[in-house]
Amino acid sequence: MCVCTFPREMWWVLWVLAALLALFCCLDVWYFLRVPLVILRAWFQPPVWDITAEQTVTGRVTPRDIDMCHMNNARYLRECDFARFSLYTRNGVFKALRALGTSMVVGATTIRYRRALCIGEGYELRSRIVTWDDKAFFLEQRFVSTKDGLVCAVMYCKQSVIRSSPDKIMQHLCKRKVECPEFPEDLQHWVNFISASSQALRAESGLEEKNK
């Protein structure tokens, strides 16, 4: 009777493939691979000394990005993540966060879709810090079609600072106190909405009564 057995090397290959399958099932592997690549690329680009200057990264809609032949709504937010990583690397914000022992999280976002980006279409993602308050930076990020220059989507992002403040980060970067720019009218409306929503949710959960 002949008994077939796998060579030992084949078992190692099967174990590696099984581990990769489990990894891709449990984690968004491509996201975690792309983050260090984006930061590394930005690290080797010229630094940007104006903290509020607009920075541009380019992209193209691929088959992985689409549903119904246009860019999936969630992909816009994902690309904005990567653009902010590049922005903070080049303007020194990441370096300031490390020096101050602090971090940032996304506190809120809002996005307006004006026209679909179709498969194969190129775009520029333009990001800038618009202003800040005592707790967060506020950014604008625009998707601009390279085909005709139309702003296809625009997003506002509230980037909350943990264990520090935007003023301290700006002072660390500029070595002086920096006056924050005025809030544009549309951004101020959104900030007011966030505040009203927060108050309503606190009242709904009884937090305001507990804090009195």
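This note walks through the sheet, the helices, the ring pairs and the cores of the structure above.

1. **Before you start.** This is a predicted model, in which local features need pLDDT of at least 70, side-chain atom pairs count only at pLDDT 80 or more, and totals for chains, interfaces and linings use all residues. Residues are numbered from 1 along each chain as its sequence is written, and side-chain values use heavy atoms, with hydrogens and water left out.

2. **The sheet.** Start with the strands (DSSP runs of E, at least two residues, numbered from the N terminus, just as helices are runs of H or I with at least four). Five of them make an open sheet, ordered β1-β5-β6-β7-β4, with antiparallel pairing; two strands pair if DSSP finds at least two bridges between them. β1 (55-60) and β4 (103-113) are the edge strands, each with a single partner, so one side of each has no neighbour in the sheet. On average, neighbouring strands are turned by 25° against each other, direction ignored. As background, strands of a sheet pair through backbone hydrogen bonds.

3. **Strand by strand.** β4 pairs with β7 (residues 151-162) over ten antiparallel bridges, and here Ser103 sits opposite Ile162 of β7. β5 and β6 run antiparallel and are joined by nine bridges; a hairpin of three residues connects β5 to β6. Across this pair, Trp132 faces Phe137 in β6. β6 and β7 are also antiparallel, over nine bridges, and Phe138 stands opposite Lys158 in β7. Look at the hairpin of β6 and β7 too: five residues lie between the strands, and Gly149 has a positive phi near 80°.

4. **A closer look at α5.** Which residues of α5 are buried? They are Pro166, Ile169 and Met170, where buried means under 20% relative accessible area, exposed over 50% and partly exposed in between (1.4 Å probe, protein chains only). These residues cover an arc of only 95° around the axis, so they lie on the same side of α5; the arc is that of the directions from the helix axis to the C-beta atoms. The buried residues of α5 pack against α4, β5, β6 and β7.

5. **Aromatic pairs.** There are twelve aromatic pairs in the structure. Rings of Phe, Tyr and Trp (its six-membered ring) pair if their centres lie within 6.5 Å; planes under 30 degrees apart count as stacked, over 60 as edge-to-face and the rest as tilted. Tyr31 and Phe32 have ring centres 5.7 Å apart and planes at 85°, so this pair is edge-to-face. Tyr31 is buried at 17% relative accessibility, whereas Phe32 is exposed at 53%.

6. **Tyr76 and Phe143.** With centres 4.9 Å apart and planes at 75°, the rings of Tyr76 and Phe143 are edge-to-face. This pair links distant parts of the chain: Tyr76 is in helix α3 (residues 73-90) and Phe143 in β6, 67 residues apart. Tyr76 has a relative accessible area of 2% and is buried, and Phe143, at 0%, is buried.

7. **The cores.** How many residues are in the largest nonpolar core? It has 28, of which Leu117, Ile129, Phe137 and Phe143 touch the most other members. Such a core is a set of buried Ala, Val, Leu, Ile, Met, Phe, Trp, Tyr and Cys residues joined through side-chain atoms within 4.5 Å. Two or more residues come from each of α3, α4 (93-100), β5, β6, β7 and α5. A second, separate core has nine residues, including Phe138, Leu187, Val191 and Ile194. β6 itself is mostly covered, with nine of its ten residues buried.

Note on methods. Axes fitted to C-alpha atoms, helices over the stretch in contact; angles between N-to-C directions. Contact = heavy atoms within 4.5 Å.
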